[in-house]
Every structure is written in structure tokens, then in C-alpha cells.
Amino acid sequence: MGPAPAGKQLRGATGGPEVMEPALEGKSKEGKKASSRKRTLAEPPEKGLLQPVKLSRAELYKEPTNEELNRLRETEILFHSSLLRLQVEELLKEVKLSEKKKDRIDAFLQEVNQRVMRVPSVPETELTDQAWLPAGVRVPLHQVPYAVKGCFRFLPPAQVVVVGSYLLGTCIRPDVNVDVALTMPREILQDKDGLNQRYFRKRALYLAHLAYHLAQDPLFGSVRFSYTNGCHLKPSLLLRPRGKDERLVTVRLHPCPPPDFFRPCRLLPTKNNVRSAWYRAQSAAGDGSPEPPTPHYNTWVLQDTALESHLQLLSTTLGSAQGLKDGVALLKVWLRQRELDKGKGGLTGFLVSMLVVFLVSTRKIHTTMSGYQVLRSVLQFLATTDLTVNGISLCLSSDPSLPALADFHQAFSVVFLDSSGRLNLCADVTACTYHQVQHEAQLSMMLLDSKADDGFQLLLMTPKPMIRAFDHILHLRPLSRLQAACHRLKLWPELQDNGGDYVSAALDPLITLLEQGLGTRLHLLAHSRPPVPEWDISQDPPKHKDSGTLTLGLLLRPEGLTSILELGPEADQPEAAEFRQFWGSRSELRRFQDGAIREAVVWEAASMSQKRLIPHQVVTHLLALHADIPETCVHYVGGPLEALIQGLKETSSTGEEALAVAVRCYDDLSRLLWGLEGLPLTVSAVQGAHPVLRYTEVFPPTPVRPAFSFYEPLQERSSLLPRPDKPCPAYVEPMPVVCHLEGSGQWPQDAEAVRRVRAAFQLRLAELLTQQHGLQCRATATHTDVLKDGFVFRIRVAYHREPQILREVQSPEGLNSLRDTPASLCLERDTRQLPLLTSVLHGLQQQHPAFSGVARLAKRWVRAQLLGEGFTDESLDLVAAALFLHPEPFTPPSSPQVGFLRFLFLVSTFDWKNNPLIVNLNNELTVEEQVEIRSGFLAARAQLPVMVIVTPQDRKNSVWTQDGPSAQILQQLVVLAAEALPVLEKQLMDPRGPGDIRTVFRPPLDIYDVLICLSPRHIPRHRQAVDSPAASFCRGLRREPGPSSLMPVLGYDPPQLYLMQLREAFGDLALFFYDQHGGEVIGVLWKPTSFQPQPFKASGTKGRMVMFQGGEPVMVPNVEAILEDFAVLGEGLVQTVEARSERWTV
């Protein structure tokens, strides 16, 4: 079930899905009827449900053909399953260009070639004399400093050659780019053009003249400039056809020198080609200091000289090997889904193509391999090879004049040399980006090795935007602050090498600084630089500060994340001075318990939510101290969503501490129960069964100390009663605890007798807890409420054989048989399955501290959409648990923010109709068992709930979704999640700040037919609302601590009681929706069937009135009376009943 259209509304709760389709036009009425009958019979029982194909006996046992046998053999050797082969082939078919489109692109390229060769020449002028340029075009290059020697003239290119992936057949949709190299004639260039940006100036002027003349041609719908791979010294010219083919292709023109024009020895990574005296506009230093090398500058020149040789190498290797081409196409899709090919320093499609060539040359890939095997081999190589430490080379020559790999490692972060041995293909790739690629390759290999059914979907079809892949995000803006950082960090040589690009110059030092500071808290640090947008030829090129925002993603380690201490060396060690210099004023001497005196940094963080944001303090402190980047320029996005789950008057805690207090109180109570003396049978187990005890209660309970002025005491029951003249008191929910007693032959074998014995145990339990421990208790036949330290626990005595006794059914013949009954299933769920689930999820929280925040945010959002009634606590907790147990293709979340985004993604994209959500708690299910579960699910789909969640303890029945949601409620949740996800991600990725983060939590009220507005005075959880009120009513709680001798009012929530009455009275006519966390509105939707006229029956007049239709009395809803009843039932609680009559008619 995928996201439905945004306009789809929550309708038809009782009607079945429509299976009739409109008949084809042009058929007779009889034909229409017959075809309708056939379709009705042929369609599956539920629309959209996958059904196995039925074959005749002859087809089923037909001998396979030779072609089929060959294909099976190929599949067995080249793929690990037939399904994977089909999926890969379908994807390749989807991303590759069709022959028709290739023909149209070829025709356009012919036209481009002719028009480029017809551009008129320009006489020779000085490089600084640019008066000859027409008024409608600007030079696509920042000419700083402006003064430079040399002359320029324009001549048509000596050669026009298509280079890149288009000719190789590895070009993929949807963005089809064709690279065309224009070889500039030798007459334009001079010997020393490699110096001081002269070549790049000539290249830019060449493009500017071309752009002006091509823009006049009616063939082109768009002529614009862009940077090549984000390098601002190397603009390219983008040409797009006019008319319907405008989106067909983008042709990128790249001027380049003749292949042998520049002497390679002058462009080695150790050479300088940008003189300091020229670049800094000052006289050369007379101290004889050597010029700093300019490795990046040299590489950009070399790249232009090697375009054709690289094409020839790729063509020779990939030429007739279709498997290699398919592998390159799959790798490009893999990179695109992870946003690793974007912006400057990305791993481009060209680089992975060259990597395939390298692996072919080292015989790690064979030309007969399939695309899938090529993908696996390249990912395996990336996952296990660190090119930042051990570079690789395509060069087979042993020429001693060639530079060593060590020289390249000194100049570049990542090293991969081409066949000449002089050009580093990965010169622009940062170490940070390569480590991200390595990390993604490792995750992908684990996924492929697991042979999961959905491996293909997760690997190649699931997008991984930065906001969903990293725990915390930070934006640095404005980028102009990085100019000051370059001065502070003394990065003049880097600025000189990068031609003034202070963002590129400062990036590596800043990342190294943050990696050192974050230390063990950090698993991976990644950067994202959006590509500089293309610009019109009449505009100046974008400045460095206008090239978007520098965004950093932090993937955190949960084990080191919450430590408030950075421990340094001992005071007398030489490293202490270095530690003090790094941390500045934050470093201080401290004496520790073992007597050692050490340098240390202590961060301010009292609560768990503050500890999760310690990286924010580290980042802002180090950037301000070492790079002059003030805190106002660092926009850190780590916890804005946590405001939604903060307690009543909490601004610094998200409730983890309050939950821990409640769990500790439960632990104390369980110890008391274990140690009780005087019970006829000893306690064999005590198990919690409440969301608080698995850390997933949205708003944790606080110790209750009632103010007696709000109540009337009932002394005979030691209880309190709310006073009607006061606001509704605070909501107190008892926490269920299951107390198992040891087995004994004295237990009766009759269900009623067991109930009575249990009731006696409940009474005895209350007596003993009061006598031995002084606890306030109130016993009933089914449970005992215990007040301890302000928390109320509801203890339920359980007998392990009682569900078995309830299953026993006697036939009329007197034979006993075992059969599940509603009572036995309910008892089994409450006394065995729920405590077990609570225990397992409690363990998951200990393993993944972010689980609590993710589950609570998820439940808060679902309930804020007024859909909480349709989903049990347990079902939503299990969906949240799936994000940690099966995080592929991600890692388990370490922050509630990223976990909640993935929850929205899972809900909106999971195919609930055709797949069960398997939550493999404690990793108990084997791969074979999971396959068996999926097969059983498909066979029994019609009998299963709409939403199926499978756990090791619940493999067939989906206990937690048996009572809901309905198909319509689930579909509405899917639609809302699909709409909320892009909105929220856009807000969090906005460098100006996320704005109003509560937008996606506010429910859409326009879909409801009637809105019932409630009085805040009688809403006990009013302060928990999404838009928390500035002021609310006092709820009768004392602030000063102290024991309470009277049991508080339990489970008293007037809106919920009112809802029960509404559903009981009008459940056949309407659906009612409410946010239990302080909602002020109840949404009402009429059921479509309720407005169909019903035959008159004297017994069915509730809420209906009699009308005559065709002379016959029929009954229709009396809407006015029903609305009046809504108000009467809720007198004192209901403020207004707003009917939207335009949305429905009788």
C-alpha cells in the first residue's frame, strides 16, 4: 500500500473496496454487463493484493526449453536468486536510454557540432583587454587578481569530440548529460599559459564568445553556464534543445588544450604554477623561501588534457562487455540514492567507471560478469580498501621520472592515479567523502550478504538523504565567515591552490578539527555541498559565498555520546600543553578519585536530552576558538522535535529521568512482592505490563500528591472523589503489574472457581502490603491498586493454567476440546504476551538509548493526527523497534529526530497489504523461519488484520493489531506520513532555522463533517497539547513533597468517558477521532452507509427520522437531533458543536 493522493479522504469505514472498473467505451450494454461479470469474478478478493499465478497442469509440468535452462544456469552463477535478476533487469530497463531517444540526441549533437564550427573568429587582443566581448555575455570566471600576461584570440575548435558516459552506453536517466570536448587550436595558446590562471582565463573567454553566438541560434531553448564538478575555475556551457525536447538532454561543452600541449613535468603535484607575488599582489619575498606547491590547480589543467585518453581507455575496457556497463549503471544509481555524486568532491560516475577499469586490470572483475556481480565486486573493494592510506594506480610503467604514490598522498587526501601515472583522478574527493563511501559500501555488503528478500529495494531503490541518514545536522552560514576562518587558520597556500575558493580551502582543516574534538562520540562526519546552480550567460558567475550552505552530518556512537567529561593527560605530561591549547578556556585541572591530577573538560548537561546535544557545545566552542566562526553562524539541528515530548513544566528534559524514577519505584515494589510473607503460595514472577516500564510512555507519570481542597474524601474506601465545582483533577493512570504465583495441585480446575481464588489472593495481597510495608492499597476481585512513592501500580494475580482452562469447551455430547475463545486470548495477551513484550522492549532501550524518544515521538504524532484510538501502544512500539532491529540501509538511530523521520518513511512506503512487518526481537527468527512466515502470511492474508506485525512470540496472529486499525484508518495514516515527511525534512534542512516544527503535528481538521469543541477546564491533560497553552487550570496537585495517605482518583479523563458514550450511542452512524494528549476537538465523520435510507422498523428509530420515498416510509439520520444529543451528552464538557453541512447530504 503506497501513499495515496494528497486529496484522498478518510471515508467508507464500513464499505468494502470497489472492484468494478469502468467498462471500455464502444461496447454494447450486453457486452458491458458480460465484461463486468468476468472482471468481478476474475479480480482478487481484495484489490491490490498479490495473488499467485494459476497454471494449468500441462503448463506446470512442461519441459523447460534450452533457452530457459541456460537462463537458469546463468541466474545460478551470476545472481543469487531469480527475483534479484528480474529486479536488476527491470531497473536497468528503467534507467537506460531508449533507442528512439538516442536517435534524437544524436541528431541534436550533429546540429551542435555544425553550429560550433560556424562561430566567427576574433582578432588577437591582450587577455586584460576584454572590450571586444558583446554586451549580452559575461566572462564565467572570477578574474582575481585581474592583471595577467598573455594574449587571446578566438578560432573555431580544431576538433569536437563526444566524451563521457553517453558514448559508452552507461548514461542513466532522468538527467541525461552529454559531455563534448572542444579542442582549442594551438594558435590560441602560449607556452606559459599553465601559469597564474592564464589557461583558465582563455578557456573562460572561449566559452563566453561561444555562448553569445549560440544563444542567438533558434535551435537552442537554453544556453547557460555551469561549473564542472563544482570547480569554479572550470566553467562549462550547457545547451538544451528548444520545444518538446527541452528536457531530453543537456549538452555540456568543455574547451580543452591539445593533448600534448602542456609539459607533464610542470604539472606534477609538487610543482607551483600560481606565483605568490602575482596572487597576493605583493613583491616576492626575498628570504629565498620556496613557492608552495599547487597540486589541485595542476590537476585541473591535467584533467583537460586527458579527456580523450580516458575515453579511449574506458571504451577499450567496457566496449563489448554488457555486464560491465550494467554494473557501472547500477553503481551510478547506488551513488545517486546516497547523494554521494553531488557537489564538489563527490564520487562521480566517471570515477566509478575508472574504478571498474582498475578492477578489470587487476583481475578482480572479469568481463563476463553480470552487472550485479560488478556491483558487488566494486562495493567489496570500496568497503575493504582505504584509498586515503594506500592509493591505487592504473599506470603499469616503471619509469623512474614518474612521481611516487607518497608524493600524491602528501598533496591529496584520496589517491587514484590514471594510466599516465601523473593525474590523480580523486584529487577533489575529500577524505571525509571517501570515508562516507566506505561506510555505505560496508553497509551495502552486509545487506547483500544477508540475502534478504528486500535487499534490492533497500540497496538501490531507497533514497538516503543526509537528514535521514545522520543523527545530527549542522549548517554553516553565511559562507563568507569561512574567509575569516582561512585567515585565522593561516591557509594562504590552500587559497592560492584553490584559486581563492575559501570554502574548499577551509573544509579539510575544519573537518579535522571537529573529528578530533568529537572523538569517541563520532562514528562518521560527512559534508554536503549542493551543486552551484547554473546561471544565465548575461550574469556574473556566482560568488563563493553564494554557493549554498556548507552542511555537515554527524553519525554518532550511542556508547560515548552522553559522556560529559573529556579526559586529558596528567598535568605533568608534555601532552597537557597541547590539550590546553586545543580546548582553550574549557580545559581545567581536576583531581580524580584515583588521586590523579589531570587536564579535563566538563560539559554542562543535566538531563539525557542535554547530554545528547553535547556535540553542539563541542562544535560551537571549537569553531569559535580556532576558526573565528561565532555561534550565531552555526545552525545546529539535533533536537528541535524533542519539545513535543517534554513534560509539563520541563524545558531541559524529555522525560527519560522521570521514566527511570518510575521504573526504579516498580523495581522496589517487585522486591517487596518477592519478599512477602504470609501468602499461601509464593510469588514466582513479577512482570511489568505498561509503556512506562518499557520507556515508551509519551508523557511519563510524575509522583502524585493530591491537594485535598480539590476532592471530597471517601473515608470508608480511603479514596478521593473529584469536586464538581473545581477543574478536572490531574490524570493518574495505574501501571499494570502481573504477579505470577507458583503452581499447586490445590488450584481448582473450574474457570469461575479460579476467578474466586484469584480474588481471595488480591485481598490477601492488599492486607500483607499494608501490614508489612505500610503501603496504601485498594483491592478488587480482579486487581489490587497500590500507592507507592506517589505512583499507582495495579497488581494482577495470574495463574499460569487459567488460559488453558478457559480454552476448554464441552460439546453437547459431553466431550471436552480445546479451542481459543475471546476470554482465553485476552487473558493470554494480558498476562503472558504483554509482560514478555514489555521486558524485551525494556532490554532494547538499554541497548539503544534513542528507542524511547523515537517511540514516544511516533506515538505523539499518530495521536496528534486524532488516529491514536486505531493503534495500540504495543503496535506503534513495535514499528519503532523495527527501526532499530532492521535499520537497513541505515544504521540504528542515535537520536529521536532521525528515528522519527525514518518512522514516517517506513509507515508511508511499507506495503502493508502484501507484506507482514517482521520485528525480529532478540534475533530469534532465522532467515528460513522468516521466509516461512511470509509464505504463511500470503496464504492466510484474507483472515489476517489490515496491518500485520510479526514477532518471534507472535508468528501468525498479529495480536497487537487484531482490534485495529481499519483499512481506512491505516490508509489515512499512510497519506499523512507521506505528506508530513517532505515538509519536516525541508524544515530541518533549512539553514535559516526549522521554523515552526509543530506544523506536521497539527491535525488536518478540514476532513471532518462535525467538530465538537471541548472546554479546557475539564481536559486533565490539557498541557500536553501540541500547542501547549500558555496558562491552564490548576489540577489539584501539591508542589511540596510528602506522603499521601489516600488513593488518588484513577483513570478519570472526562473526554475519554464522553467518547465512550458517543461511540456506544452513535457508533453505527459515525466515527469519532480525538487526541488523548490534551486535544480540544473531537472530529466526527459520518459513515457513508448511515445516509442510505433504511426500511422502517419500530426498533431502529434511534437517531433516525421517518421520511416517505416513493410512497414507502423509510428512515434516515436526524442530523439536527443527533448534533443536539452530542451537546446534551457532553453538557459542561462540550463548548460548541460545529457542523459542516456542505460536506454531506441526506
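Me: What percentage of the 1146 residues in the protein chain is buried?
Reply: The model is predicted. Its protein chain has 1146 residues, organised with 35 helices and 35 strands. Counting as buried those residues under 20% relative accessible area, the share is 53%.

Me: Among contacts between residues at least 6 apart in sequence, what percentage joins residues at least 24 apart?
Reply: The contacts considered here are those in the protein chain between residues at least 6 apart in sequence. Of these, the share that joins residues at least 24 apart is 72%.

Me: Is Q865 buried or exposed?
Reply: Q865 lies in the loop between α29 (851-864) and α30 (873-885). Beyond four places in sequence, Q865 touches L976, V1000, F1001, R1002, P1003, P1004 and Y1008. Its relative accessibility is 3%, and the cut-off is 20%. Q865 therefore counts as buried.

Me: Which residue has its backbone oxygen 3.4 Å from a polar atom of the Q865 side chain?
Reply: Residues touched by Q865 include V1000, F1001 and R1002. The backbone oxygen lying 3.4 Å from a polar atom of the Q865 side chain belongs to F1001.

Me: How are the ring planes of F851 and F884 arranged?
Reply: A pair of aromatic rings is described by the distance of the centres and the angle of the planes. The count of aromatic pairs comes to 27. For F851 and F884, the ring centres are 5.8 Å apart and the planes stand at 85°. Planes over 60 degrees apart count as edge-to-face, so this pair is edge-to-face.

Me: Which helices hold F851 and F884?
Reply: Both F851 and F884 are buried. Their pair ties together parts that are 33 residues apart in sequence, because F851 and F884 lie, respectively, in helices α29 and α30.

Me: With which residue does the side chain of D449 make a polar contact at 2.7 Å?
Reply: D449 lies in helix α15 (residues 431-450) and is partly exposed, with a relative accessible area of 47%. A residue 73 places away in sequence, R376, has its C-alpha 9.8 Å from that of D449. The side chains make their polar contact at 2.7 Å, and the partner of D449 is R376.

Me: Over which ring does the charged end of R468 sit?
Reply: Two arginine-over-ring arrangements can be described. R1021 lies over the face of Y731, at 4.0 Å from the ring centre. The charged end of R468 sits 4.5 Å from the centre of the ring of F905.

Me: What is the omega of the peptide bond from R477 to P478?
Reply: P478 is found in the loop between β10 (472-476) and α18 (481-488). The peptide bond from R477 to P478 is cis, with omega near 0°.

Me: Is K490 buried or exposed?
Reply: K490 is found in the loop between α18 and α19 (492-497). Although K490 is not a glycine, its phi is positive, about 55°. Its relative accessible area is 68%, and exposed means over 50%, so K490 is exposed.

Terms used: Residues numbered from 1 in each chain as written. Predicted model: local features only at pLDDT ≥ 70, side-chain atom pairs only at ≥ 80, totals over all residues. Heavy atoms only, no water. Helix = DSSP H or I, 4+ residues; strand = E, 2+ residues; numbered from the N terminus. Buried < 20%, exposed > 50% of the residue type's maximum accessible area, 1.4 Å probe, protein only. Polar contact = N/O pair within 3.5 Å; in protein donor to acceptor, adjacent residues only side chain to side chain. Contact = heavy atoms within 4.5 Å. Phe/Tyr/Trp six-rings, centres within 6.5 Å; stacked < 30°, edge-to-face > 60°. Lys NZ or Arg CZ within 6 Å of the ring centre and 35° of its normal.
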